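I'm opening my notebook on a new structure today.

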Amino acid sequence: MVISFITYKTQVMTNQLLDKMSTSLATNPVAQSGAKGNLQDEVKDALKSIADQKLAEERKALYKGWDKANKNTDGRYIYGEPGARFSLINYEDLECPFCKRFKETPKYIVDTATAGAVNWEWRHYPMSFHEPVASKAAAVAECIAEQKGPSAFWAVTDYWFNHTETNGKGFKDADSIPALFEVDQAKYDTCMGSTEVIKRIKQDMEAGSAAGVDGTPTTIVRDNVTGKEVSVVGAQPFSKFVEVIQAMVTDSQKDTSGETSPSQPEK
């Protein structure tokens, strides 16, 4: 779902082009006599209509595929059913190149899980060597979602991953995100300077550190029935998570039947 700011800037570029066309028409005797000034306005209106339509389609596309966006009882953003048996608690840094590579995997797991059995929970974990851009990116996601809801949270994190150069470099048009998502700029600016947003990000980081997270991406696979958790470090493939979840199911069945299951490594 790569969305380009090129389309977003179409309006500005179109207006610049039309200004040049207007100048040309104004100095062209044939155009002056034939169009009498109306041609410039008609062309400008037509192209503006096209640009507006393209921008509307781009904005709609931002949310495509995020229909399962939600919040859990802790107020954290999740993708999938809140009551799913398994949760992928994913510690992410929006400037992490490995996270960018990994981003499609948890979504695919949720989308293909039987009967909504898995959800994906985002937790911020900006790494110090990606600062200050990593924390800014996390705040952008929070502040867009504050006005536009859970679907926008997932849409903007996906958008950031798709456009950033990673490793703390970000991307040059990042400041245009509020306009792209059509949020109230004043409210957004207030949110970006809010201690609540900073507190939220720090709480995620503290929870991660307490769970042994020291790099991204790190995913804590939790069985919400048994309470068992297994840490999966790095941009692991789909098959790794299937293996972990299947082992959890097997262990829970053994426990229910009274059998003793061998201890499993947590990492």
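My entries on salt bridges and the disulfide follow.

**Ground rules.** I'm working with a predicted model, where local features need pLDDT of at least 70, side-chain atom pairs count only at pLDDT 80 or more, and totals for chains, interfaces and linings use all residues. Residues are numbered from 1 along each chain as its sequence is written, and side-chain values use heavy atoms, with hydrogens and water left out.

**Salt bridges, overall.** How many salt bridges does a search of the whole structure find? I got 14. I count a salt bridge when a side-chain nitrogen of Lys or Arg is within 4 Å of a carboxyl oxygen of Asp or Glu. A note to myself: side chains of opposite charge can pair when their charged atoms come close.

**Arg85 and Asp223.** I looked up this salt bridge and found 2.8 Å from N to O. Arg85 sits in the loop between strand 2 (77-79) and strand 3 (86-92), and Asp223 in strand 5 (residues 218-223), so the pair ties together parts that are 138 residues apart in sequence. My cut-offs: buried is under 20% relative accessible area, exposed is over 50%, and partly exposed is in between (1.4 Å probe, protein chains only).

**Asp175 and Lys136.** Here the closest N and O atoms of the salt bridge are 3.0 Å apart. Asp175 is in the loop between helix 8 (150-163) and helix 9 (177-180) and Lys136 is in helix 7 (residues 133-148), so this pair ties together parts 39 residues apart in sequence. I noted Asp175 as exposed at 61% and Lys136 as partly exposed at 36%.

**Asp251 and Lys228.** These two side chains form a salt bridge as well, at 3.0 Å from N to O. Asp251 belongs to helix 12 (residues 238-257) and Lys228 to the loop between strand 5 and strand 6 (229-233), 23 residues apart. Asp251 is buried at 8%, and Lys228 is partly exposed at 23%.

**The disulfide.** Which cysteines does it join? I found Cys143 joined to Cys191, with 2.1 Å from S to S; a disulfide is a pair of cysteine sulfur atoms within 2.5 Å. Cys143 is in helix 7 and Cys191 in helix 10 (residues 185-192), 48 residues apart. The link is left-handed, with -85° about the S-S bond. Cys143 is buried at 0%, and Cys191 is buried at 3%.

Notes
Helices (H or I, at least four residues) and strands (E, at least two) are DSSP runs, numbered from the N terminus.
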